[in-house]
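The exercises below ask you to work through a structure step by step, each task being followed by its solution.

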Amino acid sequence: MATASSSTAPDSSSNFGIIIESNPLSSRLSELGIKSWPKWGCPPGKYTLKFDAEETCYLLKGKVKVTPKGSSEFVEFGAGDLVIIPKGLSCTWDVSVAVDKYYKFDST
C-alpha cells in the first residue's frame with residue numbers, strides 16, 4: 001500500500017510556513033542584530049494581515065494566535081519567540097496579550 005507524503009514538516013514548530021524558534025540563545029539574537037531592528041507593538045485585538053515580504057520578528061512581550069486565511073487551524077507564539085513568517089501569507093492575528101516586537105522584512 002502506498003502512503004502519501006505528509007504535508008507537515010517533521011518539526012512540529014513549523015506550520016503554514018511559519019517557523020518558530022522558542023527562546024533562542026542571546027548569541028543568536030546578537031548575530032541577527034535584532035536590537036538594531038525597528039520595533040512594533042499593538043494592543044489586544046484581531047488584525048487581518050497580508051505579508052508582502054518575509055518577516056522575521058522577535059517578541060519581547062505578547063501572545064498571538066495566527067490563523068491563515070481559509071483555515072480553521074492556527075499557530076501560537078509569544079514572548080521569547082523568534083518567528084519567521086513567509087512572504088504571501090494572508091492571516092488573522094488574534095492578539096490576547098499586547099505585542100511588543102523587533103521585526104525585519106526580507107529585502108529580496
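A salt bridge is a side-chain nitrogen of Lys or Arg within 4 Å of a carboxyl oxygen of Asp or Glu. Please keep in mind that the model is predicted.

**Exercise 1.** Describe the order of the elements along the protein chain.

Solution. Begin with the count, which is 1 helix and 8 strands. Then follow the protein chain from the N terminus, where the elements run β-β-α-β-β-β-β-β-β.

**Exercise 2.** Decide whether Glu-21 and Arg-28 form a salt bridge, and state how exposed Glu-21 is.

Solution. The distance from N to O between the two side chains is 2.9 Å, and Glu-21 and Arg-28 meet in a salt bridge. Glu-21 has a relative accessibility of 28% and so counts as partly exposed, while Arg-28, with a relative accessible area of 27%, is partly exposed.

**Exercise 3.** Work out which parts of the sequence are tied together by the salt bridge of Lys-39 and Asp-100.

Solution. The closest N and O atoms of Lys-39 and Asp-100 are 3.8 Å apart. Because Lys-39 lies in strand β3 and Asp-100 in strand β8, the pair ties together parts that are 61 residues apart in sequence. As for accessibility, Lys-39 is partly exposed at 47%, whereas Asp-100 counts as buried at 19%.

**Exercise 4.** Are Glu-55 and Lys-101 buried or exposed?

Solution. The side chains of Glu-55 and Lys-101 meet in a salt bridge, with 2.6 Å from N to O. Glu-55 lies in strand β5 and Lys-101 in strand β8, so this pair ties together parts that are 46 residues apart in sequence. Both residues, Glu-55 and Lys-101, are buried.

Key:
Residues are numbered from 1 along each chain as its sequence is written. This is a predicted model: local features need pLDDT of at least 70, side-chain atom pairs count only at pLDDT 80 or more; totals for chains, interfaces and linings use all residues. Side-chain values use heavy atoms; hydrogens and water are left out. Helices (H or I, at least four residues) and strands (E, at least two) are DSSP runs, numbered from the N terminus. Buried means under 20% relative accessible area, exposed over 50%, partly exposed in between (1.4 Å probe, protein chains only).
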